[in-house]
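Colleague: I have just opened my first protein model and would like to learn how to read it. Could you walk me through some features, one at a time?

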Amino acid sequence: MTLIHIENASKYYTMGEETIKALDDVSLDIDHGEFVAIMGPSGSGKSTLMNIIGCLDIVDKGNYDLDGQAINVLKDSGLAEIRNRKIGFVFQSFNLLPRLSAYENVELPLIYRGMSKKERELLVIHALESVDLLDRRKHFPSELSGGQQQRVAIARVLAGDPAIILADEPTGALDSKTGLEILNILKRLNAQGRTIILITHDLLIAQQAKRIVRFRDGRLYKDF
Ligand SMILES: Nc1ncnc2c1ncn2[C@@H]1O[C@H](COP(=O)(O)OP(=O)(O)O)[C@@H](O)[C@H]1O
Ligand SMILES: [Mg+2]
């Protein structure tokens, strides 16, 4: 079943006289439950595509439908709502709050959603268990290794139960062994039915996904 439907999408930036085609006539479909790597060198349009898929930005030309909903007709508030409900972001830099424990970092988005303490507790504990970090729940980010911090960030995403996990270079700040551990967690989540989109410039990382989509100069040139 199609989750992401991108059709002839283009995104332009103007820099003085010059127009940069950050995305150039890209068509891409991703089904529920896929694990796709988006790969390409720096400047090839990966982050631009991630911003579009993640509803942080809209296309200048073409269409994007997410779960049957047309995205480019939405205003900022509509985009924010879809983003909060459907997308979980994992970044290279973890983006944890330093003064909150692992538990509290995972809990915070659920507080914003207005959930009760009891409801939150179930979800936070389950999410921390899914990344094997329940025993570190009282630790602050500075008391955790890079790989553990990234696992907390993944738990925070899981607690929100998004339709898609969008991970932009999630192993970029980690050594290769720890990076593979993070990939193994993403693979396990995918085996449980989560849709995962992994953005990377690293072929060894991309090869962990079930499908690789390659970009160059804003164009999709290979999909296998
Ligand atoms: N806000 C922006 N303003 C102008 N040019 C941009 C902007 N964002 C990205 N670009 C340009 O668009 C192209 C694609 O960038 P990006 O999507 O960030 O690539 P990647 O993530 O693959 O490194 C690059 O040439 C980049 O310089
Ligand atoms: Mg980028």
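This is a predicted model: local features need pLDDT of at least 70, side-chain atom pairs count only at pLDDT 80 or more; totals for chains, interfaces and linings use all residues.

Colleague: Let's begin inside. Which residues have the most contacts inside the largest nonpolar core?

Modeller: A nonpolar core is a set of buried nonpolar residues joined through their side-chain atoms. Here the largest one has 37 residues, and Val106, Ile154, Leu189 and Leu198 have the most contacts inside it.

Colleague: And which helices and strands supply at least two residues of this core?

Modeller: The helices are helix 3 (102-112), helix 4 (117-130), helix 5 (146-159), helix 6 (176-191) and helix 7 (203-206). The strands are strand 3 (35-39), strand 7 (164-168) and strand 8 (195-200). Helix 5 gives the most, with seven residues. Apart from this core lies another, of 29 residues, including Ile30, Leu49, Val59 and Ile197.

Colleague: I'd like to zoom in. What is Val106 in contact with, leaving aside its neighbours within four places in sequence?

Modeller: Val106 is in contact with Val124, Ala127, Leu128, Val152, Ala155, Arg156 and Ala159.

Colleague: Now the ligand, please. Which residues are around ligand 1?

Modeller: The residues around ligand 1 are Tyr13, Met15, Ile20, Ala22, Pro41, Ser42, Gly43, Ser44, Gly45, Lys46, Ser47 and Thr48. By class, this shell has five nonpolar, six polar and one charged residues. Strand 1 (2-15), strand 2 (18-31) and helix 1 (46-53) each supply at least two of its residues, and helix 1 gives the most, with three.

Colleague: How far from an oxygen atom of ligand 1 does a backbone N or O atom of Ser47 lie?

Modeller: That separation is 2.9 Å. For Ser44, a backbone N or O atom lies 3.1 Å from an oxygen atom of ligand 1, and for Gly45 the value is also 3.1 Å. As for cover, the protein hides 63% of the 560 Å² of accessible area that ligand 1 has on its own.

Colleague: Last, a single residue. Why is Glu7 called partly exposed?

Modeller: The label applies to values between 20% and 50% relative accessible area. Glu7 is partly exposed because its relative accessible area is 34%. You will find Glu7 in strand 1, where its side chain makes a polar contact with the side chain of His5 (3.0 Å).

Colleague: What does Glu7 touch, not counting residues up to four places away in sequence?

Modeller: Glu7 touches Val26, Ser27, Gly62 and Asn63. Glu7 and Val26 are 19 residues apart along the chain, while their C-alpha atoms are separated by 6.5 Å.

Key:
Residues are numbered from 1 along each chain as its sequence is written. Chains are lettered from A and ligands numbered from 1 in the order in which they are written. Side-chain values use heavy atoms; hydrogens and water are left out. A nonpolar core is a set of buried Ala, Val, Leu, Ile, Met, Phe, Trp, Tyr and Cys residues joined through side-chain atoms within 4.5 Å. Buried means under 20% relative accessible area, exposed over 50%, partly exposed in between (1.4 Å probe, protein chains only). Helices (H or I, at least four residues) and strands (E, at least two) are DSSP runs, numbered from the N terminus. Contact means heavy atoms within 4.5 Å. A residue is near a molecule or strand if one of its heavy atoms lies within 4 Å of it. A polar contact is a pair of N or O atoms within 3.5 Å; within protein, one must be able to donate a hydrogen and the other to accept it, and residues adjacent in sequence count only if both atoms are side-chain atoms. Accessible areas come from the Shrake-Rupley method with a 1.4 Å probe; for residues, only the protein chains shown count as cover. Ala, Val, Leu, Ile, Met, Phe, Trp, Tyr, Cys and Pro count as nonpolar, Asp, Glu, Lys and Arg as charged, and the others, Gly among them, as polar.
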